[in-house]
Amino acid sequence: MRLGRSRSGSSVPTNLVRSLFSSLPGPRTAIPSSSHRSASPVESSSTAGSSSSVPRILNPPFGSCRNLSHQKGTFSAPAYDIVKNIIRSSCSSSSSLVSRRRYFGGVRLLSNQAAVEASTSDGLTVEGILSSQWTILDESEGDWKSHAAAIAQSIHLIKKRLQWKKLLVRFQVLSAQLEKPDIWNDPAHAGRLSREQGSLLSRMKEVVEFERELLENIDMIKLAREENDSELELESLNALVRMRRISKEKELEALLAGEQDPCSCYIEVQAGAGGTESMDWAAMVMQMYKLWAQRRGYGVTVVDEMSGDIAGIKRATIKVDGEYAFGYAKSEVGVHRLVRISPFDSNKRRHTSFAAVAVIPIQGDGSTRVQINESDLRIDRFRSGGAGGQSVNKTESAIRIVHIPTGITVTCQNERSQHMNKASAMAVLQSRLDQLERARQAQMNAEHTQSLTDISWGNQIRTYVMHPYRMVKDLRTNFEVSDPDSVLDGDIDGFILSYLSASLDKDEDDRLYWEGG
Amino acid sequence: MKLKAVRFVGSVGGLSSSSSSFLRLPPRFFLFPHQRPRSISSSAALSSVPRLRLSSSSTTWPPTSHSHSHSHSLLPQLPLFLRPPKYAASLSDLQIWHDWAKSLAASVGSTFLDSDNGPHSSLLCRELGWLLEDALPEGTDPSSLLSQMRLGAPTDRVKLKVGIRDLYSLWRRRIEERRPFQYIVGCEHWRDLVLSVQEGVLIPRPETEILVDLVADAVVSKVNARLNDRVWADLGTGSGAIAIGIARALGSGGCRKVIATDLSSVAAQVASFNVQRYGLQDIIEVREGSWFEPLKEFQGKLTGLVSNPPYIPSMNIPGLQAEVGKHEPRLALDGGADGLDDLLHLCHGAASMLRPGGYFAFETNGERQCKFLVDYMENELKGSFLDIQVVSDFAGFQRFVTGFRQ
């Protein structure tokens, strides 16, 4: 299915989804209305002060049938049916559908062409606020237009970051698939789709409700002015200020909207060619991540560490535990380059060394994991010499696991028992196989070709120069810092955030046609 | 069964009690109820039990001696990590100790490795990290503390489970006397367990972890044989590792029991302590005595039998890695002239003690002993066993012999 580029065309699905939301239960800021009030007396009494005048801001609800048929004309029939079916299935009867739409969704469903966008009673939409380019003043200035413009800008950015249009299309594709009668023949697959659909839905719902809250508050302010109700005006103005603050957080959250982003992760660092100097560099990079993770309050455990002969590490794996660890750390994947006068070179020459970084998400229990076949594994222990058993007492109990079909090799030596080393190595193997499987699936769906390059090791992403000048520069974003020491002490959030926003804030139109027809 | 109070020695294993920093534990640590078999008074059992051992070196066996005159050394000691953090040191003092300990470890290089296949300095450095981990209160991360050492105020105090002066002497003994690291910290991480160990008790080895997996696999694969009910035995239990491992692997439910025996009184007490720590006192019964002696009532009734008996040939004992040869109990290592004395005794015992269909798994010194035992059971004990197998450890050594009673 292909969406048109035109504003009216692309806004249709937005509205479809919105009308879907309006039929779903969920937290909402109440627009008091007569029947709403009767449905929920507690709520209405709490807003009693303003309720008498509020219903007037509600435009006559547009007939749902007519509205839907209008959409049917501009939107492909199957997708329309899906959304309609979901709406139908989530309501007990068609009459309840109508009533819910009228009182929860009515504000948005106006009779003119602009009706497909959420809007205020006088037809102001979020897009409209953006295009009217109201001056954005400091937060302390009590100008509602300024607040509204700031919030609208945030919403625009959030939608961009969430790849809003792509999200809608993906949602429809998922819904279509889940509607197939035989989908549950493969419960694992169906479960995955259904979870993805659920997570998309909750993400979209949040934005739509934020949008609606903005418009409702504007309505309130206009109304309060008409009625000379200064108390209500102040209340609504304060609500806008609150929203303005929250919107900044939401912008940040939207950077981490990927399915794997909330996961904990492993970070692996491997020294490039170049002997002790590059092993020392690898150790510095690993230390940078340990310090970064500690700053963020994540738990850090060393899973595996292979020391260099003189200094540094040949490679190491740490586990970073905490919310969104993967979402942030994934920006670090790639090759990191160091230029300095090597302390290991007696001639004090300038050296360039490389360290490769890989980041592997650790999937939660709910997600499907690759089934590991015991017989596909070769598990061995580094021989510690001699006859082993009772003759040897070494606290070393490193384990190496080779997954024969893929050739993936995992070692773990940092736990204090062989059993725990094995368990820890198995966990790393599991995550690597999961990642491999995701990459394989992503390759099949053209949509994710982007993420394939994200996990390949070949690309140099950042240069750390100590000599002749001092600078750390990200080659992807051109973000740079002139104090390498602070960066190596773990202050890398600037790089991470600039990368995340740069990679997401590209014009999303570029990505709209991923489905290819 | 009566409960017997066991007193814990508060000193770090083996430290002189006259040391100024002698560790005294709060009163609640002094009384610890232990299940001990009523039937056996340890002195009587020890004097009356002949041990099947052909080695002539018995007279030289070191401090695992069963004599009550050494009663002090027989008392279980609390592992370092279980002690309360009632000491403190300044960050800078701890840093000085750490730097000293690290350079001492580094000075070893590969000399231990070259002389008797002992630990390399890199391994000693890792042990140093674990010592710090055990000495710090729970939840204190040694690595972040170490980075804090460089950044923080040197006068900051750090809580410790052992005095700083004892940290010096502990590490000195690790390096200079080659005292096993596990005796230094009083514990060994084995499977997912942390077991108390001390002088006189064999430190469980990583290889032996697989023995528990073998039992678990046998129980799963022979569901019809009902291997998970009735009585299992772990002979020569030492720290109780295998008994605890299989008690947990056999799963709950059913009327099962694991009897762990050991000739050594100190081993029996340490095993009891570990059993209690994992709350398995209702399942595992520790009995003091030689091999099958304490199990007479189970003749022909045992469901399973596991053991990691002494299997090192006597002539190999003097050449052992110092940590093993100089510090671990010879009683638990020396298997007689060809190392097979106790294994052969176990084979005969398995034939008479196991019920039909019962399972056994023994650890051995390697390929030669495995081959010999398989051959012996198939020929000398013909008709006694079924499905005899040799299983390798993760290093690729043939390590275990397993099978079923016919």
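Which residue in β9(A) is the bridge partner of R337(A)? In the predicted model described here, that partner is T463(A). Residues are numbered from 1 along each chain as its sequence is written, while chains are lettered from A and ligands numbered from 1 in the order in which they are written.

The predictor assigns the complex an ipTM of 0.78 and a pTM of 0.66. For chain B, the average pLDDT (the predictor's confidence in each residue, from 0 to 100) is 81, and 76% of the residues score at least 70. Over residues 1–74 of chain B, pLDDT stays under 50. For this stretch the model has 119 contacts beyond four places in sequence, two residues being in contact if their C-beta atoms, placed from the backbone, lie within 7 Å.

Chain A contains 18 helices and eleven strands, and chain B contains 14 helices and 13 strands. Helices (H or I, at least four residues) and strands (E, at least two) are DSSP runs, numbered from the N terminus. Of the 517 residues of chain A, 38% count as buried; of the 406 residues of chain B, 49% do. A residue is buried if 20 or more other C-beta atoms lie within 10 Å of its own, exposed if 12 or fewer, and partly exposed in between, with C-beta atoms placed from the backbone. Among contacts with a separation of 6 or more, residues 24 or more positions apart account for 65% in chain A and for 74% in chain B.

Strand β1 (residues 264–271) of chain A pairs with strand β5 (residues 350–362) of chain A in the antiparallel sense, over eight bridges. Within this pair, Q270(A) stands opposite A356(A). Eight bridges also join β5(A) to strand β4 (residues 334–341) of chain A, again antiparallel, and here A356(A) is the bridge partner of V335(A). By contrast, β4(A) and strand β9 (residues 460–465) of chain A pair in the parallel sense, over five bridges. Strand β9(A) in turn pairs with strand β10 (residues 471–474) of chain A over four antiparallel bridges, and R462(A) has D474(A) as its bridge partner. Five residues lie between β9(A) and β10(A), which form a hairpin.

A further sheet of chain A is open and has three strands in the order β6-β7-β8, with antiparallel pairing. Its edges are formed by β6 (377–381) and β8 (408–412) of chain A, each with a single partner strand, so one side of each is left without a neighbour in the sheet. On average, neighbouring strands of this sheet are turned by 15° against each other, direction ignored; axes are lines fitted to C-alpha atoms, for helices over the stretch in contact, and angles run from 0 to 180 degrees between N-to-C directions. Five bridges connect strand β7 (residues 399–403) of chain A with β8(A), and C412(A) is the bridge partner of I399(A).

Helix α10 (residues 164–179) of chain A has 16 residues, which at 1.5 Å a residue should span 22 Å; its end C-alpha atoms are 22 Å apart, which agrees. The expected span is 1.5 Å times one less than the number of residues. The buried residues of α10(A) include W164(A), L168(A), F171(A) and S175(A). In general, an α-helix has 3.6 residues a turn, so residues three or four places apart point the same way.

In chain B, seven of the ten residues of strand β11 (residues 354–363) are buried, so this strand is largely enclosed by the rest of the structure. Strand β10 (residues 302–307) of chain B runs parallel to β11(B) and is joined to it by five bridges, with L305(B) opposite F360(B). Five bridges also join β11(B) to strand β13 (residues 398–405) of chain B, in the antiparallel sense, and A361(B) stands opposite T402(B).

Between the chains, 35 residues of chain B are in contact with 25 residues of chain A. On the side of chain B that touches chain A, α5 (121–135), β5 (187–190) and α12 (322–325) of chain B each supply at least two residues. The largest share, four residues, comes from α5(B).

How values were computed:
Predicted model: local features only at pLDDT ≥ 70, side-chain atom pairs only at ≥ 80, totals over all residues. Pairing = 2+ DSSP bridges.
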